[in-house]
Amino acid sequence: MQFFSWLLSTTLLSLCLLAVNSQDTNTVDIQVNECPNPCPSSYSGFISIPNSNCKSYAQCRNGNPIGEFECFGEYIFVESRGGCDYANDAESDCQPVSCPLPPTRSPSETPTIIQSAGPQSPISLLLSPTQPPRPTPLPTPVFFSFLNFIDSRSQSIETTVLQSASGPSTAYTMEGLMSALDIVVNQFPSDKTFFVGENDGELIGLQHGLVNFAAFLSQAMSEGIRMDSCDEWNTDYIFQDNTEKFPISNACGQYKRAYDLEICKSTEPFECPIDRNMEVTAVDKNQKPGKTGPPAFSCKPYDGSSFPGFYDLFEDTIVESAYSNSLGRTDVAGCCWWKRGALMTAGRCVFGKLNKYVGKEAADNRGIYLYPDIDFCSNPEVICDHIRTHELRWLIGFLDWSDRVETYVDSNTGWSYMDELKKFVDNGMVGDAFINAVTNIVTKNCHNLDLCAETWGEDPDKDYFQLNRRTDFRNIMTNVFNLPLTASPTVTPTRLLPTFAPIPPRPSPTRIPKPVVALSPNSTSKRECNMIVLAPIVVIVTWCVWL
């Protein structure tokens, strides 16, 4: 009798606990295991992903994620830099962030409670608030295959391609190359993206992209990489009075080119305006053994009386006089558009397009925040001296390639770069006619010098390196890329390379409490469910212990 009294009291106690708990507020804490959308409402830019220890970050567009990236090795995401940086320099910048609360839902969108029961299992309740679908990432499968392939060849590219005349290049890095490639494929307008192959699932489509990339690298090796310089050097001298004289006004154009007069096509009038009051000085200049060499290119206003003059190699000095370059320029007012970057790209057109596609104009007018702090038209030297210079010097080369080489079609013969590229690959990648035509396009702005009425004059030293460009092209295809391919690379990349791009200033994210979902009074909470199951268990366990 005593036992049954004790058993009854225990049962009543359990029921009382259940009743007390049922009077609690009907709220349930949702355990957030991941943040489906780390982007604050209406935000565009880059932001750290919560609970990733600053190793992952997302790119946002109008409050929606359009891509996720990861920082590898010792790198972490640093908001002030808009990308990855060394952890030992940036740990103080790694601030915890919280997942933004989803927008307030209408009353009709209540949580769905799904009950499922099995013959030997207790009732389970699944609380699943409706989540908006995540946008599909922009990169295409062929880009993933391309990126994975290039990443797997990174060591060979560094030891074979990124080599200057004096040793490993410091001006052009693998990290900058891959970061710029990601931007020019995924962030540029569709008709200006760098061609990485057809997204048809076929091996030949990827090889089209790899050969295009090999042609680009072979040209870059004889342009910026060979010199290990971001800026063009002063090399167009006049032999006079038994000495070599280098006009300082070569900043306006060398070998009978006038960089400030080279503008965009009439269908894309995006070139930068000429500012004759602009003052810019190049970062790099050529060195002469035992000499100071010609000074770095610069532009400055013309005061009407003073002239920059020329550099006398024999005397190793600058003589200030009205000394003209090959086109008769004696001043450097507005001559700020000399060659820069991997392909040594010159002229106002490409800088204007950079500004429109990814620079300050893109941020102000179109809400694209890749380089919102950079006005490429007001300071073109930003390519070589900005904190993102190792990315930008590749980026200007990629834009020049996609805009001038990939779209090249001869109006007289119909010769098309893209058609010839595919023919070259489809027919077994034999012969030098293709790469010779590409070299002519890059250095002369014409694929066949016998057919074009007007071509660029070019450095004779560059002509000498035409053989090098053919050799480098073959070497990259055969020994670096091991073309032709016999098996397709995996579609899923081994890593997503970060996009090092600045973001517009925004308030630091605040810590947000865990979301709670209020259930209606007639709903059964998880806590009630647990007590219903717990009461009989307490009775059974007590009975076993008493026995």
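Tyr311 has Ile318 of strand E16 as its bridge partner. The strand that pairs with E16 here is E15 (residues 310–312), joined to it in antiparallel fashion by 3 bridges; strands (E, at least two residues) and helices (H or I, at least four) are DSSP runs, numbered from the N terminus, and two strands pair if DSSP finds at least two bridges between them. The model is a predicted one, so to speak of local features takes a pLDDT of at least 70, side-chain atom pairs count only at pLDDT 80 or more, and totals for chains, interfaces and linings use all residues. Residues are numbered from 1 along each chain as its sequence is written, and side-chain values use heavy atoms, with hydrogens and water left out.

Stepping back to the sheet, it is an open one of 4 strands, antiparallel in its pairing and ordered E11-E12-E15-E16. E11 (238–240) and E16 (317–319) are the edge strands; each has a single partner, so one side of each lacks a neighbour in the sheet. From one strand to the next, the twist averages 35°.

Now for a helix pair. H12 (residues 433–444) packs on H14 (residues 466–480) at about 125°, the axes being 10 Å apart; axes are lines fitted to C-alpha atoms, for helices over the stretch in contact, and angles run from 0 to 180 degrees between N-to-C directions. H12 and H14 are therefore oblique to each other (under 35 degrees is roughly parallel, over 145 roughly antiparallel, 65 to 115 roughly perpendicular, the rest oblique). Contact (heavy atoms within 4.5 Å) involves residues including Phe434 and Ile435 of H12 and Arg469 and Phe473 of H14.
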